[in-house]
Amino acid sequence: MADLISHLDGDLRRRLHDLAHKTRITAYGTAVYLRGLIEFSNICKQNCLYCGLRSGNKAVSRYRLQPEEIVDCCREGYALGYRTFVLQSGEDDWYTTEKLVQLITSVKQLYPDAALTLSVGERDDECYTRLYAAGADRFLLRHETASAPLYRALHPTMEYSDRRDRLSSLQRIGYQVGAGFMVGLPGQTAADLADDLLYLQELQPDMIGIGPFLPHRDTPLRDELPGTVENTLDMIALARLMVPDALIPATTAMGTVHPNGRELALQAGANVLMPNLSPMSVRGKYMLYNNKICTGDESAQCRFCLEQRVKSAGFHVEMGRGDSLKHLSRS
Ligand code: SAM
Ligand code: SF4
Ligand code: FES
């Protein structure tokens, strides 16, 4: 696998992307699922070297949306047609298990036909179990990198084994689970990327988030080179082949690194988009990396911009819950 990854070019690359496209068509047809992303707090106790929200970054203006404000975002999203809401944040302990349970309960009472995805980082089994019981359907927790030494170098406040342990717990509890990794991390080798793919094959997650690493000016990795579009597309295509029925987003980071990055990702095996539903007042404060796109665009604007982009790339938008095929075959 590492050998293949380091020798991909020209013709081979085209064939790989084409095969991934065909595999996605067989699994999901031309559907592209839209998820409304609500970035509800940029407060984080962790200190991941790559991330603009890391606790060591004193230059960020911190914010936390109140539960009512999050419900308002869901209301706007529901009216725009979204039937999946993704609630994402830094690891913010103000949002205790109780507060999250109340929030999930309110959203699910208002919109029982919508799916709720959490992306709030590492919590204990009891918390994950209670959030699931309250109605959360899915959980995104990227494994970030399958290389133990690289993981340790990038995560001074976290443990490599904890991450994998958390992912297994989430699966055991019953969530549709999303793992994934960054491409082009400083020091990352082709063998590390091969391990990322093999880990995904072993885990068989419902969702796979893959995006380029992009530097942020106020982090220790500010001077590092970003991951490339080509390498990220290759990883998306290989992930599609290794977990054919996964839901794979064309990430915002792909749209940041290249103007048509998301469309290219859709053509290399991705089948999900996650436009922003956060209030305009906080958009610019959830900066994981430099130059993040859509920070100045209204939710409705992104919704329709993406519809056009999806069509121009040869696909069609699906606004349903869009559960993973793996999940549907389990239930
Ligand atoms: N705090 C939660 C967590 O870490 O799982 C959820 C929010 S975190 C900002 C979501 C994802 O952003 C991470 O899993 C990481 O892969 C990605 N990310 C953070 N900084 C990044 C960067 N500089 N470039 C690309 N992706 C980045
Ligand atoms: Fe916090 Fe997540 Fe950023 Fe790490 S990646 S610093 S856990 S928000
Ligand atoms: Fe946000 Fe195009 S997706 S403006």
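**Ligand sites, cysteines and aromatic contacts**

A nitrogen atom of ligand 1 sits 3.1 Å from a polar backbone atom of Ser89. This is a polar contact, defined as a pair of N or O atoms within 3.5 Å; within protein, one must be able to donate a hydrogen and the other to accept it, and residues adjacent in sequence count only if both atoms are side-chain atoms. The model is predicted: local features need pLDDT of at least 70, side-chain atom pairs count only at pLDDT 80 or more, and totals for chains, interfaces and linings use all residues. Residues are numbered from 1 along each chain as its sequence is written, chains are lettered from A and ligands numbered from 1 in the order in which they are written, and side-chain values use heavy atoms, with hydrogens and water left out.

Other contacts hold ligand 1 in view. An oxygen atom of ligand 1 lies 3.0 Å from an N or O atom in the side chain of Arg142. A nitrogen atom of ligand 1 is 2.7 Å from a polar backbone atom of Leu214. Taken alone, ligand 1 exposes 560 Å², and the protein buries 92% of that. Accessible areas come from the Shrake-Rupley method with a 1.4 Å probe; for residues, only the protein chains shown count as cover.

The shell around ligand 1 contains 18 residues, the closest being Tyr50, Ser89, Arg142, Glu144 and Leu214. A residue belongs to such a shell if one of its heavy atoms lies within 4 Å of the molecule. By class, the ligand 1 shell has 10 nonpolar, 5 polar and 3 charged residues. Here Ala, Val, Leu, Ile, Met, Phe, Trp, Tyr, Cys and Pro count as nonpolar, Asp, Glu, Lys and Arg as charged, and the others, Gly among them, as polar.

The structure holds 0 disulfides (pairs of cysteine sulfur atoms within 2.5 Å). Cys74 is in no disulfide; its nearest cysteine sulfur, that of Cys73, is 6.8 Å away. Cys74 is buried, at 1% relative accessibility. Buried means under 20% relative accessible area, exposed over 50%, and partly exposed in between (1.4 Å probe, protein chains only). The sulfur of Cys127 is 15 Å from the closest cysteine sulfur, in Cys44, and so too far for a bond. Cys127 is also buried, with a relative accessible area of 3%.

The structure contains 9 aromatic pairs. Rings of Phe, Tyr and Trp (its six-membered ring) pair if their centres lie within 6.5 Å; planes under 30 degrees apart count as stacked, over 60 as edge-to-face and the rest as tilted. The rings of Tyr128 and Phe139 are edge-to-face, because their centres are 4.9 Å apart and their planes stand at 65°. This pair links distant parts of the chain, 11 residues apart: Tyr128 lies in helix α5 (residues 125-134) and Phe139 in strand β5 (residues 138-140). Helices (H or I, at least four residues) and strands (E, at least two) are DSSP runs, numbered from the N terminus. Tyr128 is buried at 0% relative accessibility. Phe139 is buried at 0% relative accessibility. Phe139 and Tyr175 form an edge-to-face pair, 5.7 Å centre to centre with 80° between the planes. Tyr175 is buried, with a relative accessible area of 1%. Tyr128, Tyr132, Phe139 and Tyr175 form one aromatic cluster.
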